[in-house]
Amino acid sequence: MRKIAAHLEMSLDGVVDAPERWAHDYFAEEMLEAAQAGMRDTDTVLFGRRTYEEFAAYWPTVDSGSDPFAEFLNETRKLVASNTLTTLAWGPAELVSGDVVQGVAELTRKPGSDVIILGSPTLVGSLLRAGVLDVLELFVVPVLIGSGKRLFDGPEPVPLRLVESRTFDNGVLMVRYARKE
Amino acid sequence: MARRILAGLFMTLDGVCEDPGEWSMPYFNEQVGEIITANMQASDAMLLGRRTYEEWADYWPGKTAEDDPFAGYINSVPKYVVSRMLKEPLKWEGSTLITDTDGIRELKGKPGKDIAISGSLTLVGSLLREGLLDELSLLVSPIVLGSGKRVFESPEQVPLQLVESRTLDNGVLALRYAPAEKR
């Protein structure tokens, strides 16, 4: 069955929104390589609306020829979970509307390679709550932000299982969690 | 050399530190016990925020090491309570009031071992903002909670540096952070 994985940047105190404001000092090539290694068997990138719109404003301007990650993002089929968007300017892309959790669960039953969710904390929260996320991968940036959207807003606790942890030279911690069976 | 202030906190993956009693219990293994014991042994004083002091002052006096190994430590360790609201004399034996950050700096300047903080999230936040916290030691449980007071709630950001990262057998992350070196 296809795996649904999510990759987010998170501050040490659990803030996941606007990483472009606080994570940029912590970028390192080895981090990008580690993230891309996790996307090797991926044929679909899934987004929540906000992250899709942010990425759509930036990635098409990056030269796919010289940036493999830009190539991956620009070329790969994108799915956008939204009940309000009607057009998707950054293709190839399709809408997933209606019950998003059900839509994603159905995805896993279709043939294909893995699905990666980038950013999209609202979507990730819903999937965590529903037990539909297979892998949660976080780059934990060594900074306390103090306010902002957090990784998860409940209402019930969701226990997880740590499967990997790795430290980069710049102090960023990569952690990977699976569902707790 | 100035004494260091070390905050040791239980935290969920989504940054919640409040009321670890329940949600951290399943993840309290021997290695966690060893880390907490080591932190206690490295300190000879404890700094508390008002709320934590009031809760603990209601609970711990009268408990002995037989009730809970932590009782022996917490009842005998010199406690320094940071508060502008409380008045001396403090009811919990061995407690001294500190009313401002100058008092905290003064405490750091006295001879002694490390000064430990547990709970006291508001105080930890102030110390982080003031640059008075020397180490943030976190035990991160593999669970997301969704609500509850976070390790840091503030309009200001504080950059840190990762000093040590350890994965415990039960999936808990034992992380140590210090304030980021000034560039």
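1. How far apart in helix α3 of chain B are Glu54(B) and Arg50(B)? They are four residues apart in that helix (residues 50-59), a separation of about one helical turn. Glu54(B) is partly exposed at 31% relative accessibility, and Arg50(B) is partly exposed at 24% (buried means under 20% relative accessible area, exposed over 50%, partly exposed in between, with a 1.4 Å probe and protein chains only).

2. This is a predicted model, in which local features need pLDDT of at least 70 and side-chain atom pairs count only at pLDDT 80 or more, while totals for chains, interfaces and linings use all residues. Residues are numbered from 1 along each chain as its sequence is written, chains are lettered from A and ligands numbered from 1 in the order in which they are written, and side-chain values use heavy atoms, with hydrogens and water left out.

3. Over all chains, the salt bridges come to 21. In chain A, Glu94(A) pairs with Arg77(A) in one of them, the closest N and O atoms being 3.1 Å apart. Because Glu94(A) lies in strand β4 (residues 93-96) and Arg77(A) in strand β3 (residues 77-81), the pair ties together parts that are 17 residues apart in sequence; helices (H or I, at least four residues) and strands (E, at least two) are DSSP runs, numbered from the N terminus. Glu94(A) is partly exposed, at 40% relative accessible area, and Arg77(A) is also partly exposed, at 27%.

4. Arg179(A) forms a salt bridge with Asp134(A), where the closest N and O atoms are 3.0 Å apart. Arg179(A) belongs to strand β9 (residues 173-179) and Asp134(A) to the loop between α6 (121-130) and β6 (135-141), so this pair ties together parts that are 45 residues apart in sequence. Arg179(A) is partly exposed, with 29% relative accessibility.

5. Helix α5 (residues 100-109) of chain A packs with α6(A) at an angle of about 75°, their axes 10 Å apart (axes are lines fitted to C-alpha atoms, for helices over the stretch in contact, and angles run from 0 to 180 degrees between N-to-C directions). That makes the two helices roughly perpendicular, a label for angles of 65 to 115 degrees. The contact (heavy atoms within 4.5 Å) involves Val100(A), Val101(A) and Val104(A) of α5(A), with Leu123(A), Ser126(A), Leu127(A) and Ala130(A) of α6(A).

Conventions: Salt bridge = Lys/Arg side-chain N within 4 Å of Asp/Glu carboxyl O. Parallel < 35°, antiparallel > 145°, perpendicular 65-115°, else oblique.
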